Amino acid sequence: LEGLIVTSDADGSPRISPMGPIVDRGLTRFRLRPFQSSKTYQNLRRDSYCVFHIVDDSELLARAAVGRLDRTPPMSRTSRDTGWVLDDCCRWFELRVDEIDDSQQRVEIRCNVVNQGSRRDFFGWNRAKHAVLEAAILATRIGILPAGQIRAELARLQSAVEKTAGKQERQAMGFLREYIEVQLDSGSS
Ligand SMILES: Cc1cc2nc3c(=O)[nH]c(=O)nc-3n(C[C@H](O)[C@H](O)[C@H](O)COP(=O)(O)O)c2cc1C
């Protein structure tokens, strides 16, 4: 399940990152899989609470994926004051770390749901939203995947955006394309 996780940095400020935990259909069990290199993992080592959000804002997801939020989105503390909930999410799940297996580069963190809520209905699918999600993943793989593969996949995804995007998806894709080009041109691929 792809969504946004909010953890707490060492200074207590919220960190928003897309993550794809493995879940059961009833969303009662979450297995987070952050890479050891991620700040999210370091935060979860220090503080066992986080909040996973189901969202439909593709621009927020795109910007959070590469750490380029233009502003901190509105959020509030959970009732036990252990985490942050994004105001504009569809559903949220406060998780407490139960078990960490860090024997691999991709860590497995089993979590229990300690609190949850619904804010509003999910907008719904469109192909552009999916394309932005895939493009956001590509943006986080610069330096891992060959530059040619990233450019080719991005070009393929663009067609779904042209056919089905609303303003939000168009802006998100525009942002990602520019970010990716700058990064690839600066030779970090
Ligand atoms: C849809 C989506 C799902 C992702 N899932 C994961 C994941 O499960 N584990 C992971 O380490 N990174 C995942 N990423 C990449 C991270 O979001 C990205 O590396 C981010 O910069 C990590 O931020 P952090 O270092 O602040 O934790 C995902 C990205 C996207 C766009």
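## Residues with positive phi

Leu27 is buried, with a relative accessible area of 10%. In this predicted model, Leu27 sits in the loop that joins β3 (22-23) to β4 (29-32). Its phi is near 55 degrees, a positive value in a residue other than glycine. Most residues other than glycine have a negative phi.

Asp81 also is not a glycine and has a positive phi, about 65 degrees. Asp81 belongs to the loop between β6 (75-77) and β7. Asp81 is partly exposed, its relative accessible area being 48%.

## Nonpolar cores

The largest nonpolar core has 38 residues, of which Leu4, Ile16, Leu86, Met173, Leu176 and Ile180 touch the most other members. Two or more residues of this core come from each of β1 (3-8), α2 (58-65), β7 (84-86), α3 (127-139), α4 (147-164) and α5 (167-185).

Leaving aside residues up to four places away in sequence, Leu86 touches Leu4, Val6, Ile16, His53, Pro73, Pro74, Met75 and Arg119. Another core, of 17 residues, lies apart from the largest one and includes Phe93, Leu95, Val97 and Ile109.

## Ligand surroundings

There are 18 residues around the ligand, and Arg15, Pro18, Phe35, Lys39 and Thr40 come nearest. From the side chain of Ser17, an N or O atom is 3.2 Å from an oxygen atom of the ligand. The ligand taken alone exposes 640 Å², and the protein buries 87% of that.

Technical notes: Residues are numbered from 1 along each chain as its sequence is written. This is a predicted model: local features need pLDDT of at least 70, side-chain atom pairs count only at pLDDT 80 or more; totals for chains, interfaces and linings use all residues. Side-chain values use heavy atoms; hydrogens and water are left out. A nonpolar core is a set of buried Ala, Val, Leu, Ile, Met, Phe, Trp, Tyr and Cys residues joined through side-chain atoms within 4.5 Å. Buried means under 20% relative accessible area, exposed over 50%, partly exposed in between (1.4 Å probe, protein chains only). Helices (H or I, at least four residues) and strands (E, at least two) are DSSP runs, numbered from the N terminus. Contact means heavy atoms within 4.5 Å. A residue is near a molecule or strand if one of its heavy atoms lies within 4 Å of it. A polar contact is a pair of N or O atoms within 3.5 Å; within protein, one must be able to donate a hydrogen and the other to accept it, and residues adjacent in sequence count only if both atoms are side-chain atoms. Accessible areas come from the Shrake-Rupley method with a 1.4 Å probe; for residues, only the protein chains shown count as cover.
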